[in-house]
Amino acid sequence: MARHLVVVGGGTAGSIVASRVAIDARDLVHQGKLRVTLVTEADDHLYQPGLLYLAFGRMTASELHRRQSVLMPREVELRVGRVAAVDTARRTVRMESGDEIAYDDLVLATGSRPVPEEVPGLAQGGESFYTEAGATRLADRLARFEGGRIVLAVGVPHKCPVAPLEFAFLLDDYLRERGLRERTEIVYTYPLGRLHSLEPVADWAAELLPERGIVTETFFNLDSVDPERRVVHSMEGTDLEYDLLVAVAPHRGAEFLARSGDGAPLAGAGNWIPTDPRTLEVKGHPGVHALGDATDLPISKAGSTAHYQAEVVAANLVADIRGGHGGHRYDGKVYCFIEAGRGEATYISFDYDTPPRPQPPTRLVHMFKLAFNRTYWLMPQGVL
Ligand SMILES: Cc1cc2nc3c(=O)[nH]c(=O)nc-3n(C[C@H](O)[C@H](O)[C@H](O)COP(=O)(O)OP(=O)(O)OC[C@H]3O[C@@H](n4cnc5c(N)ncnc54)[C@H](O)[C@@H]3O)c2cc1C
């Protein structure tokens, strides 16, 4: 009987694991000794970092999508549908359709999702560039914007640690290009006592934001929004009036994880999966790995994180399937480009032991980021 690897979630992390294992153990698949199944909600892969550009009309929606079935090597069996629960005692994945899929090895890569509904009034009063529908609507709101106060409110945890800063800098550009900057106040708020959770990034932003005339407000934890009066309230008691509220809502893991496990739930608080920081095995569930945004690891939820982790998980799985011992370990590596506006960008690279050190922005790094927006598709295919 073929050993069956089931990967749940066809985003960045799950796609890379599925395609890498299928490519690296292609011989076993063709000999009927291994099956690789990718279970995901839709035959569609969204390039989420492109949503930032969609909000400013710099990329189109069609540029952000590819069919998952086209991205996957033919050795991957694609199963489209929503997972309802995982039973790690019986080693089965139950679909919402009622079908069950038995597995020998399981990889959970179900990502994270913003939950604006957890902040009263936010879904009604705030715009967001974190979903495709939100970014499309925001692009329309921005196109009709005539000036006033734009408040950018950030909830934690959220994916892409630097996207809110990038949004602030690109918004400054956008308003200048439209001749509205003089008539618009941009307010960037952050929940902590500094402008970013990563201290070196906070220090970097503390110089650049005021240089661009962007007002900052720290210790601003989203409490509620009054859409009628157009006021956003913080838990700390600060009220900010707005003409346009752009919010990054706090995130949670996939809902079904709370209904999964072997009696005890698979996921903990916030529906994040308790994960070993180096092996990426799910704590207390042998044979199950978790990676990408879905884990409870104290590192940035980013596509690059998902990529580096996927390499580790795929290499260990292939070694194990071949009867060896992988021993590959994730070192906490994250790499993020940061758009800084004015046609420039910088980047940060860090891991569990090494903090980031943002460099002065350059045109070249901005060009790299734009190039990456076009070449991303090689990653889920397992090529890059
Ligand atoms: C606006 C924005 C800008 C960003 N910019 C960057 C950037 O510049 N650099 C960077 O590195 N990262 C960036 N990111 C973050 C990056 O997109 C995510 O961190 C990355 O996609 C995480 O990969 P993942 O595979 O863990 O999750 P995802 O890519 O979100 O994939 C999760 C998958 O699981 C599936 N799934 C969930 N629940 C179920 C279920 N019940 N049944 C079946 N399937 C399910 C989903 O459909 C999805 O396909 C950005 C994100 C946003 C929103």
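View 1. An oxygen atom of the ligand sits 2.9 Å from a polar backbone atom of Asp293. A polar contact here is a pair of N or O atoms within 3.5 Å; within protein, one must be able to donate a hydrogen and the other to accept it, and residues adjacent in sequence count only if both atoms are side-chain atoms. Val83 places a backbone N or O atom 2.9 Å from a ligand nitrogen atom. Gln48 uses a polar side-chain atom, 2.9 Å from a ligand oxygen atom. The protein covers 90% of the 1,000 Å² of accessible area that the ligand has on its own (Shrake-Rupley method, 1.4 Å probe).

**View 2. Helix 9.** Helices are DSSP runs (H or I, at least four residues), numbered from the N terminus. Its 19 residues reach 26 Å from first C-alpha to last, close to the expected 27 Å (1.5 Å times one less than the number of residues). Of these 19 residues, 14 are buried, so helix 9 is largely enclosed by the rest of the structure (buried: under 20% relative accessible area, 1.4 Å probe, protein chains only).

**Notes.** Residues are numbered from 1 along each chain as its sequence is written. In this predicted model, local features need pLDDT of at least 70, side-chain atom pairs count only at pLDDT 80 or more, totals for chains, interfaces and linings use all residues, and side-chain values use heavy atoms, without hydrogens and water.

Terms used. Helices (H or I, at least four residues) and strands (E, at least two) are DSSP runs, numbered from the N terminus. Buried means under 20% relative accessible area, exposed over 50%, partly exposed in between (1.4 Å probe, protein chains only).
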